[in-house]
Amino acid sequence: MERHFCRHPYQGNHEALGWALDGIARIVGFIAAAVFLSTAIINLAKEQAGCVTEIPEGEVKAPECDAKVYGLKPSSLLTTYGTIVGLISAFCLPVVGAIVDYTPHRKWVGLVSSIIQISFIFSQIFINESNWFLMTILQVFSAFTGWIHTLVAFAYLPELTEDANLLVSWTANFHMLQYIFLVLFLLYMLGVLYATGYNGNDILSTRVASISSFVIVSPCYLWTWTMLMKHRSAFHQLTENSLWTVGFIKVYRTTKILRLRFRALLWFFVNVALVEAAQQSIATISLTYMTDTLQMTSSENGIAILLLFLFGILGTVIGKNSVKFINPIHSNQICQVMTGLNTGMATLILWGPGQQIRAYIVASIWGIGAGWKNTIERYTVTQIIPKGQDTELMGFYLFASQVLVWMPTLFFTIMNEHGVQQRISLLVLIAFFLGGMFSLWMMGSYDEAVRLAREGENDQQVVARDVDSADANGSNDEQNVDANKDDHESKT
């Protein structure tokens with residue numbers, strides 16, 4: 001059986017093989033930039049600003065760097081970059097989604113975005129003291145292009161097979177492959193850097209990571225998008241709306257449907273927006289904090305990220321088994337309490353250099369929370385999405401997961417620029433976890449949410465009629481909508 005799989009992976013399904021290779025390329029390209037390039041950018045910016053980057057003799061930490069470069073503190077560069085990418089992504093997502101759904105250009109977008117990604121990775125090889133800011137700007141475009149590419153790739157996922165059980169199995173395999181290659185890449189990088197003595201040199205570390213990433217990513221992307229993925233016809237036909245507005249109209253209509261009929265699901269998406277914003281911002285903010293405040297090297301940051309993902313596997317196991325004992329809403333609440341408390345603990349125990357072990361412990365607990373949250377969240381959404389509306393609401397789920405990702409990094413940057421200690425600025429993440437816990441509480445009964453989801457297919461025509469009526473007659477129609485809802489529920 002194993003030999004047969006090696007000869008014909010994914011039962012000979014070329015697109016499934018392409019999806020696996022594309023996922024490997026995405027995760028390796030992300031790690032090379034997120035860990036090694038980001039560390040180099042912060043330290044090179046500090047050097048250009050005239051800040052002290054080495055700990056003076058007799059001191060326990062380098063002096064605080066309040067100088068600015070290009071109008072910002074060096075410690076604000078990564079979070080500013082995260083804010084810009086998050087804002088662009090949030091507002092462009094409906095447009096990109098419309099291009100994927102309403103045009104036959106899906107494969108073309110995937111190929112072009114992959115070539116652009118390869119070009120950006122290649123450019124990172126040439127980073128030095130004089131061009132680091134150009135590399136930062138390029139990284140903004142690289143991150144946005146990578147986000148578009150990810151959206152296109154995920155549009156292929158539900159179409160890989162009509163066998164639902166097989167799709168679940170393949171999806172788990174895709175995620176496992178990404179974890180394996182991420183861990184192997186970080187172990188390889190740490191081994192090379194410590195063996196060559198480059199572990200203390202940010203520029204050489206970035207160059208080694210970029211060269212290695214380029215060698216891995218290029219064949220994976222090019223083989224996938226030239227040989228394995230197939231062209232797709234437009235999923236929907238564009239009628240009266242333009243390509244630039246149809247995505248926003250769909251978001252508006254979906255929000256109205258959720259508010260009128262599925263309030264528990266609406267609160268779930270609020271939770272996704274808040275907690276995903278905090279979860280995704282942890283990477284950017286923590287890398288800034290570890291590099292600037294804890295003064296960790298790129299290799300030490302790599303160890304922290306490695307532990308985060310390794311313990312993410314443990315979090316996945318915890319999330320998967322937690323539903324045997326408690327309902328998913330309560331499991332998610334416990335997870336978010338743990339992650340919020342760990343963030344608070346980080347502000348108490350991490351304040352300067354020489355605290356790598358403590359940083360590794362905090363990163364490991366964050367990893368458990370991330371794995372747990374992703375698992376329980378995806379399980380919950382499959383249970384409470386109304387039947388017959390899976391495709392549309394999974395797109396809305398993706399939108400919710402991106403719409404606020406810019407906010408925590410923006411708050412952190414503003415506080416950092418105004419001289420607030422980074423330890424205090426970290427606490428902004430806790431506010432998002434608290435908001436997430438409140439929104440889970442507002443969901444109400446999990447069993448009731450599941451019941452409404454199972455009746456969702458019968459509700460679909462009623463929902464569409466109610467939304468059209470509300471759009472035509474204004475908000476006063478909501479009383480009629482509620483009456484229709486009560487009447488429908490009494491019949492069912």
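Predicted model: local features only at pLDDT ≥ 70, side-chain atom pairs only at ≥ 80, totals over all residues.
Helices here are DSSP runs of H or I at least four residues long, numbered from the N terminus. The largest share of the lining of the largest cavity, four residues, comes from helix 12, while helix 2 gives the most to the lining of the second largest pocket. Helix 2 also turns up in one of the helix pairs, packing with helix 10.

**Helix 4 against helix 7**

- Helix 4 covers residues 106–124 and helix 7 covers residues 202–228; the two pack at an angle of about 165°, and their axes are 8 Å apart.
- An angle over 145 degrees counts as roughly antiparallel, so that's the label for helix 4 relative to helix 7.
- As for handedness, helix 4 and helix 7 make a left-handed crossing.
- On the helix 4 side, the contact uses K107, G110, L111, S114, I115, Q117, I118, I121, F122 and Q124.
- Facing them from helix 7 are T206, S210, S213, F214, V217, S218, Y221, L222, W225 and T226.
- Sort the residues of this helix 4 and helix 7 contact by class and you get 10 nonpolar, nine polar and one charged.

**Helix 3 against helix 14**

- Helix 3 (residues 77–102) packs with helix 14 (residues 406–417) at an angle of about 150°, with 8 Å between their axes.
- Helix 3 and helix 14 are therefore roughly antiparallel to each other too.
- The crossing of helix 3 with helix 14 is left-handed.
- Helix 3 brings T79, T80, G82, T83, G86, L87 and A90 to the contact, and helix 14 brings W406, T409, L410, F412 and T413.
- By class, the contact of helix 3 with helix 14 splits into five nonpolar and seven polar residues, with no charged ones.

**Helix 2 against helix 10**

- Helix 10 spans residues 298–322 and packs with helix 2 at an angle of about 150°, their axes lying 9 Å apart.
- Helix 2 and helix 10 cross in a right-handed way.
- From helix 2, I31, V35, F36 and T39 meet S298, N301, G302, I305 and F309 of helix 10.
- The class tally for helix 2 with helix 10 is five nonpolar, four polar and no charged residues.

**The second largest pocket**

- The second largest pocket holds about 440 Å³ of space.
- Its lining takes in 22 residues, and the ones nearest the centre of the pocket are N43, T53, E54, G200 and D202.
- Helix 2 (14–48) and helix 7 each put at least two residues into the lining of this second largest pocket.
- Helix 2 gives the most to that pocket lining, with five residues.
- The lining of the second largest pocket is made up of seven nonpolar, nine polar and six charged residues.

**Cavities**

- Rolling a probe the size of a water molecule over the atoms shows where empty space is left.
- Counting cavities of 30 Å³ or more, you end up with five.
- The largest cavity comes in at about 80 Å³.
- Around the largest cavity sit S286, Y289, M290, L294, A346, L350, A359, V362, A363, W366 and L426.
- Helix 9 (263–292) and helix 12 (356–384) each supply at least two residues of the largest cavity's lining.
- What does the lining of the largest cavity look like by class? There are 10 nonpolar residues, one polar and no charged.
- The second largest cavity has a volume of about 50 Å³.
- F262, A264, L265, I384, A449, L452 and A453 line the second largest cavity.
- Helix 9 and helix 17 (446–454) are the elements that give two or more residues to the lining of the second largest cavity.
- Helix 17 gives the most there, with three residues in the lining of the second largest cavity.
- By class, the lining of the second largest cavity has seven nonpolar residues, no polar ones and no charged ones.

Key. Residues numbered from 1 in each chain as written. Heavy atoms only, no water. Axes fitted to C-alpha atoms, helices over the stretch in contact; angles between N-to-C directions. Parallel < 35°, antiparallel > 145°, perpendicular 65-115°, else oblique. Left-handed = near helix turned anticlockwise from the far one by under 90°. Contact = heavy atoms within 4.5 Å. Nonpolar A, V, L, I, M, F, W, Y, C, P; charged D, E, K, R; others polar. 1 Å grid on protein atoms, 1.4 Å probe; cavity = no way out; pocket = protein on both sides within 12 Å on 5 of 7 lines; lining within 4 Å. Points joined across faces, edges and corners; volume = space filled by probe spheres on them.
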